[in-house]
Amino acid sequence: MTAPAEDPTVGESSEGAVLGRILARLGASHALVGPGDDAAVIAAPDGRVVATTDTLVHGPDFRLAWSSGFDLGWKAASVNLADIAAMGARPTALLVALATPNGTRLSFLEHLADGLRAACDALAPGCAVEGGDLTVSDTLTIAVTALGSLEGRAPVLRSGARAGDVLAVAGELGAAGRGLAILFDRFRDAAAEPVPVDPDRLTPAEQAAVAAQLRPVPPIALGAVAAQAGATAMMDVSDGLVLDASRLASASGVTVDLGASSLGPDLPAALTGGEDHALLAAFGPGVELPRGFRVIGRVVGRSSHPVLVDGAPHDGRAGWDPYRDWDAHSG
Ligand SMILES: [Mg+2]
């Protein structure tokens, strides 16, 4: 079968042609020197740059049967934007390295670029893809580096929570985890291989959970807002609330006590579901919480367990770990 002339594969195209198709979809640059030269030049008026990177690999991190090109671009951007936000910073630029199989259609890469752009426009206006790299690989891999500005503020670390602080969260807890469970339970064939999602087989709530998994919507702008409001510690919840709260508690030398009644009707999903990229933050006693944050617990003096739920120790091991969990789900 030959490809339509207007939608060749990467292997049938030159690097310049592939790049041209992608760049045309990325929207306006916000950099001093944007895409097209050897490197981008990005303003950093604060004098400091917040930097993070996160890689999505076909297999452990996503499956093409479940994720469209748009989904992947959106997710690759949003998970990196969340790490910038979690420092109390505003995202300023993304750099994107793509390794694609030779048979990848250019239309797929266009949709991926659309997803990157849409996530930046929706979640972090003023941030855009300012550079990147293209190469060929048997395994589709999307590596994104995100940069951000503290705009004169101190970074909000994981280590600043103190006994007496309140623990609060902005964004969803558990929806993406429920979505992943739906994908694994209902959209795999007899050989346990992923098959495309049929929305007609899902209730509206289930569709929302799957969407939360494939296209998470972290509250990016609230990271800087929390920093301005005096958050003492912050991180994004990527691997499940209990696991990530235990990291914050350990870094701060405290214990956090979560209130089960504040975590919604699906407590197991809220406690252990990963990939929502909600913002978990501690605020000093008496601080008025910024709009968008809700109290889910309190910070107490260090005890034998980093995380308690209603005062009782909770096993912090539950949570998403790509190295452990893909095989467990697949096996
Ligand atoms: Mg993080």
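Predicted model: local features only at pLDDT ≥ 70, side-chain atom pairs only at ≥ 80, totals over all residues.
Residues are numbered from 1 along each chain as its sequence is written, and side-chain values use heavy atoms, with hydrogens and water left out.

**Domains**
- An automatic or database domain assignment divides the chain into domain 1 (10–149) and domain 2 (158–330).
- The C-alpha centres of domain 1 and domain 2 lie 25 Å apart, and their contact (heavy atoms within 4.5 Å) takes 24 residues from domain 1 and 29 residues from domain 2.

**Magnesium site**
- D83 (OD) and D236 (OD) are the protein donors of the magnesium ion, from which they lie 1.9 to 2.1 Å; donors are N, O and S atoms within 2.8 Å of the metal (3.2 Å for Na, K and Ca), and because water is not among the atoms, sites may look incomplete.
- D83 belongs to helix α2 (residues 69–85) and D236 to strand β6 (residues 233–237), 153 residues apart; helices (H or I, at least four residues) and strands (E, at least two) are DSSP runs, numbered from the N terminus.
- D83 is partly exposed, with a relative accessible area of 23%, whereas D236 is buried at 3% (buried is under 20%, exposed over 50%, partly exposed in between, with a 1.4 Å probe and protein chains only).
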